[in-house]
Amino acid sequence: MDSLAASFSAQAGVSSDLNSIHKPHPRLAYYKAKPGHVPDQEHRRLKMLEEQKSRRSDFSNRARQLAEVESEGGTENEQEQSKEHEMEDAVVSSRKRLGPYRDQLMLSEWLVDIPTDFSTQWLLVVCPVGKRGLVIASKGLTSVYTKSGHCVNRFPSSLPGGSRKTGYKVTDYSILDCIYHEPTRTFYVLDVMCWRGHPIYDSETEFRFFWAHTKLTEQESVSEYSRSNPFRFLPLDYHNCHQDQLMEVLTSEKPYEVDGLLFYHQQTHYTPGTTPLVTWLTPQLVPDVLGITVSESFLQSKYADVELPMETVIVKEKAKKSRKKRGHSSKKGQTGMETDTTKSQDNDDMDAHVTEDA
């Protein structure tokens with residue numbers, strides 16, 4: 001009877017999204033043995049690397065479409081908001097608007113099987129607690145989207161294409177994968193998919209990380225608070241996975257509260273969706289999975305007394321339209337850096353740490 005129950009549990013655990021980080025780590029699950037017909041992580045990694053070599057996706061078009069839709073989206077939204085529709089039509093229209101930005105981030109799986117080339121072909125990024133977001137700077141405006149495609153923030157920035165000062169041309173646009181840390185108003189840059197109109201989706205991980213550090217360091221204004229850059233953009237450090245390097249990184253202090261560790265295969269391209277070529281571990285699981293003791297600071301919260309409200313900053317013009325729609329009168333506000341705060345329409349996405357979207 002017990003063996004029958006165990007077999008049933010194993011079969012019930014099989015899903016199209018293997019080793020999803022939205023489920024407990026397999027080592028903590030009730031069943032530890034996976035069915036023989038389920039391919040292991042190593043097999044799927046090798047398969048994806050082979051498919052990546054033969055794939056000929058048009059990454060230039062992907063980046064251009066996101067930037068163009070972004071530059072046109074504001075006008076379309078304003079026109080739609082000015083019209084009165086039935087509730088069902090509004091829901092359908094909303095779903096269509098989310099389409100271009102939905103599922104554009106490269107997401108991870110749990111690190112279950114230690115890769116055979118772990119020490120030579122993998123890179124580690126220590127991630128801060130925050131909210132994962134797709135950042136698009138295009139035609140003088142910077143927008144932030146959740147994993148499901150909701151726009152939760154718009155503001156000027158010093159990113160190429162992010163403000164009138166840094167680029168208002170159609171060709172000046174940038175696309176970044178970031179973690180937003182609200183207490184410090186900082187976007188930690190995980191990855192860069194496009195910079196000043198040059199897409200690097202099909203570049204290997206190590207080059208993308210190097211490119212991100214180089215460009216963000218060269219453009220110092222992105223890391224400083226200013227009227228034209230109200231949020232900082234800082235690159236996250238990356239490290240190789242040699243045993244000595246791992247021990248040094250995992251026992252050192254970090255300037256932010258650590259949420260977990262992302263491991264990237266050096267040869268993977270930036271591929272939207274979940275991939276076994278990017279894996280995730282929480283600090284608590286590192287000793288069990290990697291056999292390395294982590295620093296106590298990794299397990300302690302530096303912002304325990306700071307609440308992360310489910311609110312987002314949006315430009316004042318959008319807030320005024322929302323108040324007007326509710327029938328309240330509003331005075332004409334000043335332009336520039338003035339902002340209002342409203343509840344996010346996507347609380348489920350924005351109330352999650354990076355573990356939800358890593």
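Residues are numbered from 1 along each chain as its sequence is written, and side-chain values use heavy atoms, with hydrogens and water left out.

Let me start with confidence, that is, with pLDDT, the predictor's confidence in each residue on a scale from 0 to 100. The chain averages a pLDDT of 75, and 63% of the residues score at least 70. Confidence is highest in strand β9, residues 232-235, at a mean of 97, and lowest in strand β13, residues 311-315, at 35. There are also stretches where the value stays under 50: residues 73-96, for which the model has eight contacts beyond four places in sequence, and residues 328-357, for which it has 71 such contacts. Contact here means heavy atoms within 4.5 Å. Where pLDDT is low, the predicted coordinates should not be read in detail.

Turning to the overall make-up, the chain has 11 helices and 14 strands, where helices (H or I, at least four residues) and strands (E, at least two) are DSSP runs numbered from the N terminus. Of the 358 residues, 47% are buried; buried means under 20% relative accessible area, exposed means over 50%, and partly exposed lies in between, with a 1.4 Å probe and protein chains only. The accessible surface comes to about 18,700 Å², and 49% of that belongs to carbon and sulfur atoms, the areas being computed by the Shrake-Rupley method with a 1.4 Å probe and, for residues, with only the protein chains shown counting as cover. Among contacts between residues at least 6 apart in sequence, 72% join residues at least 24 apart.

Which residues touch the most other members of the largest nonpolar core? In this core of 53 residues, they are Leu-124, Ile-175, Phe-263, Leu-281 and Leu-290. By a nonpolar core I mean a set of buried Ala, Val, Leu, Ile, Met, Phe, Trp, Tyr and Cys residues joined through side-chain atoms within 4.5 Å. Strand β2, residues 122-128, gives the most to this core, with six residues. Phe-263, leaving aside residues up to four places away in sequence, touches a list of residues including Leu-111, Phe-118, Trp-122, Leu-124, Cys-241, Leu-281 and Leu-290. A second, separate core has 20 residues, among them Val-152, Cys-178, Tyr-180 and Val-222. Cys-178 is buried, at a relative accessible area of 0%, and Cys-194 is likewise buried at 0%. A search of the whole structure finds zero disulfides, a disulfide being a pair of cysteine sulfur atoms within 2.5 Å.

Next, two strand pairings, where pairing requires that DSSP finds at least two bridges between the strands. Strand β1, residues 106-110, has five of its five residues buried, so it is largely enclosed by the rest of the structure. Four bridges join β1 to strand β12, residues 273-281, and these two run parallel, with Glu-109 standing opposite Thr-279 in β12. Strand β5, residues 151-155, has four of its five residues buried and is therefore also largely enclosed. It pairs with strand β4, residues 141-145, in the antiparallel sense over four bridges, and Ser-143 has Arg-154 in β5 as its bridge partner. This hairpin has five residues between the strands, and Gly-149 takes a positive phi near 100°.

That brings me to backbone angles: most residues other than glycine have a negative phi. Lys-139, in the loop between β3 (131-138) and β4, has a positive phi of about 50° although it is not a glycine, and its relative accessible area of 31% makes it partly exposed. Arg-185, in the loop between β6 (173-181) and β7 (186-195), also has a positive phi of about 50°, and is partly exposed at 35%.

I will finish with two residue pairs. Asn-19, in the loop between α1 (2-12) and α2 (41-54), is partly exposed at 22%; Asn-19 and Trp-280 are 261 residues apart in sequence and 10.0 Å apart in space, C-alpha to C-alpha.

Technical notes:
This is a predicted model: local features need pLDDT of at least 70, side-chain atom pairs count only at pLDDT 80 or more; totals for chains, interfaces and linings use all residues.
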